[in-house]
Amino acid sequence: MPETAADIVDTHVHIVSPDTARYPLTGGTRDGNDYWSDGSCSVAEVLRVQAVSGVHRTVLVQGVGAYGYDCRYLLDAVAEHPERTAAVVAVDMAAPAAAARALRDLAREPGVTGVRLFAVSGGPDATGPRWLTDPASEAVWDVSAEVGLTVVLTAFAHQLPLLRPSIRSRPSLRVALDHCGFPDARARTAGRAPVRELADLPGVHVKVTTHLLASAQAAGEDPADVIDDLASAFGDERLTWGSDFPQTREPTYPGMLSLAGHAIRRRTQAQRDSILAGTAHRLWFAETASDSSRVVHRP
């Protein structure tokens, strides 16, 4: 486990309520596995598991596979745990104008500091969603920049060049690449080339998640080489760690922390602190929604 476990911010966690009457699982895209089916993905259980490992702050990311773009459980969870959590909501980019309006409303909710733009439905070989090249989608980018949300971009590495103009034209916008763009681990450094090509855009940050590090390790690459490669392009201050728990179950949560510590072992203490906490604080906890202590209950 990293030496600074008490200060770690986990930037990639999903929650799903066992109360399917109140929070129905009817709008999900079903991308990925049905990790929620055992009923162990409630916010209370996730925060309990994290606390046992000394992690006391986390970014809750809308589980599009489970809920699609119905963010009610996410918003209720963050409102109930304002000191420990921040929310990354998601909007349906299939209808960009409606998505922009919805995002403006969501940004007013307590604890909402990010928005997830989801482009990976169907897997890497599927035809990319229309919004990647639809000029109407610029409205969502505009709202994100205007209200100060961090865009969590869930896209494949080969899709990133399509999104460069949207990022480049908004120099103040903060962007975090989910799972480092899901690069082909077998290609090692070459697989991460489309990600490194965004390093000249100062608002772009990279999530170095369990998915990325474990995939590299399984393909025979030292995870520390992955971190060194990305840090050489972006700097440690633009890398941030996330577990992908509980969608990812292996290794265990303590094992995920150990893997992260192994991957950053060559970095200095200050660099490790940036990856494990500092970058996350800047992206998701530097500003909170107004009246974030208010608990909101939705029918």
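Predicted model: local features only at pLDDT ≥ 70, side-chain atom pairs only at ≥ 80, totals over all residues.

Visitor: Why are α8 and α9 called oblique to each other?

Guide: Helix α8 covers residues 210–218 and helix α9 covers residues 223–234, and they pack at an angle of about 125 degrees. Roughly perpendicular stops at 115 and roughly antiparallel needs over 145, so the angle falls among the rest, called oblique. That's why α8 and α9 are oblique. Their axes are 8 Å apart.

Visitor: Which residues make that contact?

Guide: From α8 you get L212, L213, A216 and Q217, and from α9 P223, V226, I227 and L230. By type, that contact has seven nonpolar residues, one polar and no charged.

Visitor: What do the buried residues of α8 pack against?

Guide: They pack against β7 (204–209), α9, β8 (239–242) and α10. The buried residues themselves are T210, L212, L213 and A216.

Visitor: How do you know that D229 is buried?

Guide: Buried means under 20% relative accessible area. D229 has 12%, so D229 is buried. This residue is found in helix α9.

Visitor: What makes the link between the side chains of D229 and R192 a polar contact?

Guide: The cut-off for an N or O pair is 3.5 Å, and the contact joining these side chains is 2.8 Å. Leaving aside neighbours within four places in sequence, D229 is in contact with T189, R192 and R196.

Visitor: Which residues touch the most other members of the largest nonpolar core?

Guide: L117, W141, L153 and L230 do, out of 78 residues. Helix α10 (residues 253–263) gives the most to this core, with six residues. There's also a second, separate core of twelve residues, including V9, V59, V152 and W284.

Visitor: What is L230 in contact with, leaving aside its neighbours within four places in sequence?

Guide: The list is C180, R192, V195, V206, V208, L212, G235 and L239.

Visitor: And V13, how do you know that V13 is buried?

Guide: The limit is under 20%, and V13 comes in at 0%, so V13 is buried. V13 is found in strand β1 (residues 9–13). Beyond neighbours within four places in sequence, V13 has contacts with V46, Q50, T58, V59, L60, V61, S243 and F245.

Visitor: How do you know that the peptide bond joining F245 and P246 is cis?

Guide: Omega is about -5 degrees there, and the bond is cis. The bond from E250 to P251 is cis too, with omega near 0 degrees. P246 is found in the loop between β8 and α10, and P251 has its place in the loop between β8 and α10 as well. For background, most peptide bonds are trans.

Terms used: Residues numbered from 1 in each chain as written. Heavy atoms only, no water. Axes fitted to C-alpha atoms, helices over the stretch in contact; angles between N-to-C directions. Helix = DSSP H or I, 4+ residues; strand = E, 2+ residues; numbered from the N terminus. Parallel < 35°, antiparallel > 145°, perpendicular 65-115°, else oblique. Contact = heavy atoms within 4.5 Å. Nonpolar A, V, L, I, M, F, W, Y, C, P; charged D, E, K, R; others polar. Buried < 20%, exposed > 50% of the residue type's maximum accessible area, 1.4 Å probe, protein only. Polar contact = N/O pair within 3.5 Å; in protein donor to acceptor, adjacent residues only side chain to side chain. Core = buried A, V, L, I, M, F, W, Y, C linked by side-chain atoms within 4.5 Å.
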